[in-house]
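This briefing goes through one chain by topic. The points below can be followed alongside the sequence and the structure.

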Amino acid sequence: MYYIQLDVNGTVKYLYNYRVALFLPDYARKFPSSEAAWRYMKGKQVAHEHTWWIVKRE
């Protein structure tokens with residue numbers, strides 16, 4: 001599964017939805033591929049407000 005990590009004011013969080021970020025990846029939004037995560041973030045306001053990257057977790 002792939003997750004989106006955000007840097008929110010110096011704190012790394014995981015994206016839950018376009019308005020909420022969480023500390024734990026267990027409850028974060030999961031994507032089947034990195035391309036799916038990229039398509040989700042494309043055009044989202046949060047993508048313009050914070051630094052973000054895609055991570056893979058087993």
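Apart from residues up to four places away in sequence, Val46 touches Leu6, Tyr18 and Met41. The model is predicted.

- Val46 is part of helix H2.
- Its relative accessibility is 9%, under the 20% limit, so Val46 counts as buried.
- Val46 and Leu15 are 31 residues apart along the chain, and 9.6 Å separates their C-alpha atoms.

**The nonpolar core**
- Val46 and Leu15 both belong to the largest nonpolar core, which has 12 residues.
- H1 supplies the largest share of the core, 4 residues.

**Gln5, a buried polar side chain**
- Gln5 lies in strand E1.
- Gln5 counts as buried because its relative accessibility, 11%, is under 20%.
- The side chain of Gln5 makes a polar contact of 2.9 Å with the side chain of Tyr14.
- A polar contact of 2.4 Å links the side chains of Gln5 and Trp53.
- With neighbours within four places in sequence left aside, Gln5 is in contact with Val12, Lys13, Tyr14, Thr51, Trp52, Trp53 and Val55.

**Surface patch**
- A nonpolar patch on the surface is formed by Phe23, Leu24 and Tyr27.
- Together these three residues have about 380 Å² of accessible area.
- Tyr27 sits in the loop between strand E3 (21-22) and H1.
- Tyr27 has a relative accessible area of 58%, over the 50% limit, and is therefore exposed.

**Asn9 and its backbone angle**
- Asn9 is found in the loop between E1 and strand E2 (11-15).
- Its phi is positive, about 50°, although Asn9 is not a glycine.
- For most residues other than glycine, phi is negative.
- Asn9 counts as exposed because its relative accessibility is 75%, which is over 50%.

How values were computed. Residues are numbered from 1 along each chain as its sequence is written. This is a predicted model: local features need pLDDT of at least 70, side-chain atom pairs count only at pLDDT 80 or more; totals for chains, interfaces and linings use all residues. Side-chain values use heavy atoms; hydrogens and water are left out. A nonpolar core is a set of buried Ala, Val, Leu, Ile, Met, Phe, Trp, Tyr and Cys residues joined through side-chain atoms within 4.5 Å. Buried means under 20% relative accessible area, exposed over 50%, partly exposed in between (1.4 Å probe, protein chains only). Helices (H or I, at least four residues) and strands (E, at least two) are DSSP runs, numbered from the N terminus. A polar contact is a pair of N or O atoms within 3.5 Å; within protein, one must be able to donate a hydrogen and the other to accept it, and residues adjacent in sequence count only if both atoms are side-chain atoms. Contact means heavy atoms within 4.5 Å. Patches are made of residues with over 30% relative accessible area and no salt bridge: like charges are joined within 9 Å, nonpolar side chains (Val, Leu, Ile, Met, Phe, Trp, Tyr) within 5 Å. Accessible areas come from the Shrake-Rupley method with a 1.4 Å probe; for residues, only the protein chains shown count as cover. A salt bridge is a side-chain nitrogen of Lys or Arg within 4 Å of a carboxyl oxygen of Asp or Glu.
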